[in-house]
Amino acid sequence: MDTISQSVVKKDHGPKISGRSIYVADYPSEGVLCGRLLHSRLARARVLRVVVPELPEGYYYVDARDVPGDNNVNIVLDDMPVFCRDTVEYIGEAIGMLCGPDEKLVERLRDECRVEYEELEPVTDLRAATEAFFSYSYGHGDVDRAFAEADRVYDEEFETGYQEQAYIEPQGMMAEPEEDGRMYVHGSAQCVYYIHNALTRVLGCGPDGVRVYQDVTGGAFGGKEDFPSILGCQVAVAAHSTGKPVRCVLDRREDMECTSKRHPSICRYRAAVKGNRVTALDIDVVFDAGAYSTLSAVVLQRGIIAAPGVYNIPNVRVRGRALKTNTVPCGAYRGFGAPQTFFAVEMLMEHIARDLGLDALAFREANLVRQGDRTSTNGVYHFPVPLPAMIDEIDRACSYRKKRLEYAAEQSGRWRRGIGISLDYHGAGFTGSGERDIIKAVAKLHKYRDGTVEILASNGEIGQGVRTTFPKIVARELGLPLDRVFFCHPDTARVPDSGPTVASRSLMVVGELLRRAAIRLKAEWVNGEEQEVEEHYREPEFQLPFSLDRFEGDAYPTYAWAVTAIELEVDTWTGNAKVLGAYADFDVGTPIDLNVVTGQMEGGLLQGIGYSSVEKMDHDAAGRIRSNSFSDYLIPTAKDVPNLKCMLHVEEYPEGPYGAKGAGELPLVGVPAAYLAAMEQALGGRGLRHVPFTAEDVIGALAKEEG
Amino acid sequence: MDRLQEIRFVLNGKEASYTGSAADRLLDVLREQFRCTGVKCGCREGECGACAVLIDGLLRNSCCVAMGAVEGTSIVTIEGYRETARFAVLDRAFAQLSAVQCGFCTPGMILAAEALLSAHPHPTEEEIREGLSGNLCRCTGYNAIVNAVKSAAEEGEGLW
Ligand code: FES
Ligand code: FES
């Protein structure tokens, strides 16, 4: 393995483990107003009046009337307000904010606010929703003809639920008016420039009127991609209106109820099969966007592009819609739309194989894509597709094939076992031409007189290790010891826009810019002088242009690949399932630090197991989420999956630094299908079609068997 | 109303006192009055372990402890613990295995490891997982943390 992969002590290790790192809640509260949001209690209503109790000196109420600029938090479209307009559209929407020095009193005053509503009929059930924020379709080949000529035709529907990111640090932002009139906004976030741009609109100022800094961030996983723009605008409006620093840190229940999560989905798949080949897929994908569009467009794009999975299907028709409901807006979460469709297509393959009497893995292998094949959007798999080798590696690691046969025998005892496998990819970087046309990343290196080098980029450390991996790349090119190169949390007053910390892009895209910058700096290096070099994104030459209108071309330059196997044992008396082993093989290219990559893979794999099993979140008919605490919304603990084994299979990507590809999201994507396939086998092969699949679902499935 | 009584305790080896309400949460008092911001708040409901401290050597979620209950006790937070030789061993082990990602669970996790190792200086993997199961970590998948505690137990032979 490349020496760059050797693990080092992470740069942020010391301050974090010793409790010295300052997260947004940790700044002293002297002179800072505590902000608390007044949330809507109805899913859809006209807000007639807010009766605010008499406020003591130094306490303030702010709402839409205090927004100096435009009451729109720009994410993709302009529909999300900072504070509600005439109507509220979901339970939890912010109507206003109470601010004051004493937190308890602020909370009491907030609770004493009386909102007069005129109730309107909400749409809370996805199946009843009709308004589409986004609707796309694409395809190739002759689907109707393939169905007419098929040996067999299948028609199945798959469902997935919400998933809450459950970062352990809740959302929090702080705004401080500066002396020169500039607004300084900082907090727990992934994308400082998203917040920066949203603020200029809301405050009605130019780019120099605001400055955004990422504080140490206690986990994000996509959950701090869009919401910090909203919360950041809310505290900024409050700070602007009161003239004082304002901080708002959500409490856990508020965070779980009111901030974005993974889109629930309903995917309907029709398949035409001839021999052991799938000849056509006709796919309809529906995502529950919630009340505002936020990031749903891009989540849906990624979801539908991945909908045919890792298979070479000659005829494909895909339709995807993100529908509006009067529920919490859904946004980004690790995998970004792909976990839903990969779950559906992988379960479909499982079910078709069973119906044909074929081994589910052999059937998948017969339909796999290969290097040089066309992608779902008529792009090309330019690089090796290592899935066959990875399948063998997994088989060796956990005796998948042997166990699969063993557990297929009739089981009738209290404890029953199953093993399942799934195959998936994650397209690294922004979908389509986003990197070239929208992001246009810029990164800089600044060399000081003493020869230390600072990395200037807008990507934020969120636990994924960029404060360590970026400097490793630069230090390696410059031939400097690692402690001579440093990378701080981004501040928009100091760093160029190298794009957001999303889409598993930071290392692959910005890491490569930094590598090129380092090569130039080395060539231009003059001892004792202060120097700066800047690099701009260039699209790889081989990449076929992508048209978003037609969904045609290379949606991604390259792909990271995964094979995931889950082995579990079900207790048929209690319905509880125990994961006996989770085995996964990942090709993320060259790891720019073995420990960092392994940590990402293990963490993502466990989140995927949670998503498949215990992480159940629902709303009632009124649109209220009740599972809003860690006692109702369970996430895995240290005890739950002791046997978690990740392996790496390295296919170097020539356009990534030292061969690295995007990594962070991949490990979650394939888990739900592997988990449910294992569950299906343990329960005797019945067709299961939804996650999470909880203990109650197990009992329900068994009751059907007896009934 | 009665004059508020002073609540006395030892914090990180030093005498400390609190004159606010006995119903106030230890978590808030540690963070606000004593500026022990290494004690994190992840839920305020006793579910996540980010606010864990040691009270007379036992692991407690400080969000669920009223100030009235700490009278006469000795409290250790990460701010005190980081000065110890045992911490240095855990620190090295966590560093070697990159067991810290976002870091928000970490101070609580370290104190959970201390509580575990002082009860079981040679813990099995199962005991480690049990001992850390009250501390949620969303980033790591726990393997690195469990392995770090295992390695600290070996490296720190005789310390616990
Ligand atoms: S903050 Fe105390 S247990 Fe979560
Ligand atoms: S390191 Fe992020 S929660 Fe544990």
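The answer below begins with the contact between the chains and then turns to each chain.

Mentor: The model is predicted, and what follows should be read as a description of that model.

The contact between the chains draws 48 residues from chain B and 57 residues from chain A. Together the two chains bury about 4,000 Å², and carbon and sulfur atoms account for 52% of that area. Six salt bridges are counted between chain B and chain A. One of these pairs K104(A) with D24(B), with N and O at 3.5 Å. Polar contacts between chain B and chain A number 30 residue pairs, both residues being at pLDDT 80 or more. On the side of chain B that touches chain A, at least two residues come from each of helix 1 (26–32), helix 2 (78–81), helix 3 (85–96), helix 4 (106–119), helix 5 (125–131) and helix 6 (143–155) of chain B. Helix 3 of chain B gives the largest share of that side, with six residues.

Chain B itself is divided by the domain assignment into domain 1 (5–78) and domain 2 (84–155). The centres of domain 1 of chain B and domain 2 of chain B, taken over C-alpha atoms, are separated by 21 Å. Their contact involves 15 residues from domain 1 of chain B and twelve residues from domain 2 of chain B. The area buried between domain 1 of chain B and domain 2 of chain B is about 1,000 Å², with 72% of it on carbon and sulfur atoms. Zero salt bridges are found across this interface of domain 1 of chain B and domain 2 of chain B, and two residue pairs are in polar contact there. Strand 3 (residues 52–55) of chain B contributes three residues, the largest share of the side of domain 1 of chain B that touches domain 2 of chain B.

For chain A, the domain assignment gives domain 1 (24–121 + 179–252), domain 2 (344–426 + 556–706) and domain 3 (434–536). The C-alpha centres of domain 1 of chain A and domain 2 of chain A are 39 Å apart. Five residues from domain 1 of chain A and six residues from domain 2 of chain A make up their contact. About 460 Å² is buried between domain 1 of chain A and domain 2 of chain A, 55% of it given by carbon and sulfur atoms. Of the area that domain 1 of chain A buries against domain 2 of chain A, 82% is supplied by I91(A), F221(A) and R252(A), more than by any other three residues. The count of salt bridges between domain 1 of chain A and domain 2 of chain A is zero, and the count of residue pairs in polar contact between them is one.

Chain A also contains an open sheet of seven strands, arranged in the order 3-5-1-12-9-10-11 with mixed pairing. From one strand to the next the twist averages 25 degrees. Within this sheet, strand 9 (residues 172–177) and strand 12 (residues 246–249) of chain A run antiparallel and are joined by four bridges. Helix 5 (residues 227–242) of chain A lies across several strands, including strand 1 (33–39) and strand 5 (94–100) of chain A, and runs at about 30 degrees to strand 9 of chain A.

A further open sheet in chain A has three strands in the order 4-2-6, with antiparallel pairing. Its edge strands, strand 4 (87–88) and strand 6 (114–119) of chain A, each pair on one side only. Two bridges connect strand 2 (residues 45–51) of chain A with strand 4 of chain A, and R46(A) has T87(A) as its bridge partner in strand 4 of chain A.

Over all chains, the whole structure holds 69 salt bridges.

Note on methods:
Residues are numbered from 1 along each chain as its sequence is written. Chains are lettered from A and ligands numbered from 1 in the order in which they are written. This is a predicted model: local features need pLDDT of at least 70, side-chain atom pairs count only at pLDDT 80 or more; totals for chains, interfaces and linings use all residues. Side-chain values use heavy atoms; hydrogens and water are left out. Two strands pair if DSSP finds at least two bridges between them. Axes are lines fitted to C-alpha atoms, for helices over the stretch in contact, and angles run from 0 to 180 degrees between N-to-C directions. Contact means heavy atoms within 4.5 Å. Domain bounds come from an automatic or database domain assignment. Buried area is the accessible area (1.4 Å probe) that two parts lose on being put together, summed over both. A salt bridge is a side-chain nitrogen of Lys or Arg within 4 Å of a carboxyl oxygen of Asp or Glu. A polar contact is a pair of N or O atoms within 3.5 Å; within protein, one must be able to donate a hydrogen and the other to accept it, and residues adjacent in sequence count only if both atoms are side-chain atoms.
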